[in-house]
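Colleague: I have a structure open and would like to learn how to read it. Could we go through it feature by feature?

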Amino acid sequence: MKKVLLIIFFIFLFSYAAKVDISLRAQTPSGETYKATDGKVYTVYVGQRGGKYILRVSKKTGKEYKYYLPKNK
């Protein structure tokens, strides 16, 4: 019984570590910058599927959100 519980514990531990690693990779800066129309310069991040976004702060609520940049054609 102890072995089964120990195995289940390690499965949960490794799955949690994998989720943390993915979330850290999701917000890795790409080294690029983006100048918005308001004149502010933002760091560009690349998402898991290759979409580029910046992190903005809402004027109403003050919460941070992702603003995905349009793809260049």
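**Pockets, sheet and chain**

Modeller: This is a predicted model. Start with a pocket: the second largest pocket holds about 190 Å³ of space.

Colleague: Which residues line the second largest pocket?

Modeller: Its lining consists of Ala 36, Thr 37, Asp 38, Lys 40, Tyr 42, Leu 55, Arg 56, Val 57, Ser 58, Lys 59 and Tyr 65. Strand β3, residues 52-57, supplies the largest share of that lining, 3 residues. Sorted by class, the lining has 5 nonpolar, 2 polar and 4 charged residues.

Colleague: How much space lies in the largest pocket?

Modeller: About 280 Å³. It has 13 lining residues, and the closest to its centre are Lys 52, Leu 69, Pro 70, Lys 71 and Asn 72.

Colleague: Which strand gives the most to the lining of the largest pocket?

Modeller: Strand β1, residues 29-35, does, with 3 residues. As for classes, this lining divides into 5 nonpolar, 4 polar and 4 charged residues.

Colleague: Now the strands. How do I read a sheet?

Modeller: Strands of a sheet pair through backbone hydrogen bonds, and the pairing is either parallel or antiparallel. Here, 4 strands form an open sheet in the order β1-β2-β3-β4, and the pairing is antiparallel.

Colleague: Which are the edge strands?

Modeller: They are β1 and β4, the latter covering 64-68; each of these pairs on one side only. On average, neighbouring strands of this sheet are turned by 40 degrees against each other, with direction ignored.

Colleague: Can we look at one pair in detail?

Modeller: Take β2, residues 41-46, and β3: they pair in the antiparallel sense over 2 bridges.

Colleague: How many helices and strands does the whole chain have?

Modeller: The protein chain has 1 helix and 4 strands. Along the sequence they follow the pattern α-β-β-β-β.

Colleague: What share of the residues is buried?

Modeller: Buried here means under 20% relative accessible area. By that cut-off, 15% of the 73 residues in the protein chain are buried.

Colleague: And how do I read the contacts between residues apart in sequence?

Modeller: Look at the contacts in the protein chain with a separation of 6 or more: residues 24 or more positions apart account for 9% of them.

Definitions and conventions: Residues numbered from 1 in each chain as written. Predicted model: local features only at pLDDT ≥ 70, side-chain atom pairs only at ≥ 80, totals over all residues. Heavy atoms only, no water. 1 Å grid on protein atoms, 1.4 Å probe; cavity = no way out; pocket = protein on both sides within 12 Å on 5 of 7 lines; lining within 4 Å. Points joined across faces, edges and corners; volume = space filled by probe spheres on them. Nonpolar A, V, L, I, M, F, W, Y, C, P; charged D, E, K, R; others polar. Pairing = 2+ DSSP bridges. Axes fitted to C-alpha atoms, helices over the stretch in contact; angles between N-to-C directions. Buried < 20%, exposed > 50% of the residue type's maximum accessible area, 1.4 Å probe, protein only. Contact = heavy atoms within 4.5 Å.
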